Amino acid sequence: MSIVLLRVDDRFVHGQILQGWLPSTRAQELFIANDALAQDDVQKMIMECAIPYTVKIVIDTVDKVADLLLDDDSSGMRRMVLVDTPMDALRLIKAGVRFDHLNLGNMSANGKKLALTRSVALGEDSMSALREILEKGIDVTVQSVPFEKPLNFCDLCDFSNLCVSSVDTV
């Protein structure tokens, strides 16, 4: 399996993906792993229509995407994977999907969350999942678009003192 980018982005398919990440990663396949989206035929159709015809798109549940990534391990295709939360990224890891870098793109600030950057807001459930992902040795950065300098997640956490306290107390 050749995952060229695994990104947390709760907007899934939008300009940053279409004009930035797909061309810069030269991804040939786009997997969107989301349980709710997998059940929404209208949203799936809209996203499928937005993707260039040269890129194969698969939208399915987190478990099914994990199975697909693991089953076709030798395809040699350049794959980009989108999830909407760090919890879903952690589910992929626990299912056996291997990657060494996680990109945090867009995580909106709805509910009780702390804004880490202009585009990334974290709740306690996201922080807990990210801590577990970091413990597995996976590099986590915050980067909206490819031409933007990636920010090391741990540096941001140290600055905000997030890694040692819960979001509720910050």
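Start by selecting Arg-7: at 0% relative accessibility, this residue counts as buried. Keep in mind as you go that the model is predicted. Arg-7 sits in strand 1, which covers residues 2–9.

Now show what surrounds Arg-7. Beyond its neighbours within four places in sequence, its contacts include Gln-16, Ile-17, Trp-21, Val-81, Leu-82, Val-83 and Asn-103.

Seven strands make up an open, mixed sheet in the order 3-2-4-1-5-8-9. At its edges are strand 3 (56–60) and strand 9 (151–152), each pairing on one side only. Colour strand 2 (residues 29–33) and strand 4 (residues 78–83) to see a parallel pairing over four bridges. Within that pair, Ile-32 has Leu-82 of strand 4 as its bridge partner.

Time for the helices. Helix 4 (residues 62–71) lies across strands 1, 2, 3 and 4, at about 145 degrees to strand 2. Helix 5 also packs on the sheet, touching strands 1, 2, 4 and 5, and its direction makes about 130 degrees with that of strand 4.

Last stop: select helix 5 (residues 86–94) with helix 6 (residues 124–135), whose axes come within 8 Å and cross at roughly 35 degrees. The crossing is left-handed. Among the residues that meet here are Leu-90 and Ile-93 from helix 5, and Ala-129 and Ile-133 from helix 6. By class, this contact has eight nonpolar, one polar and three charged residues.

Definitions and conventions
Residues numbered from 1 in each chain as written. Predicted model: local features only at pLDDT ≥ 70, side-chain atom pairs only at ≥ 80, totals over all residues. Heavy atoms only, no water. Helix = DSSP H or I, 4+ residues; strand = E, 2+ residues; numbered from the N terminus. Buried < 20%, exposed > 50% of the residue type's maximum accessible area, 1.4 Å probe, protein only. Contact = heavy atoms within 4.5 Å. Axes fitted to C-alpha atoms, helices over the stretch in contact; angles between N-to-C directions. Left-handed = near helix turned anticlockwise from the far one by under 90°. Nonpolar A, V, L, I, M, F, W, Y, C, P; charged D, E, K, R; others polar. Pairing = 2+ DSSP bridges.
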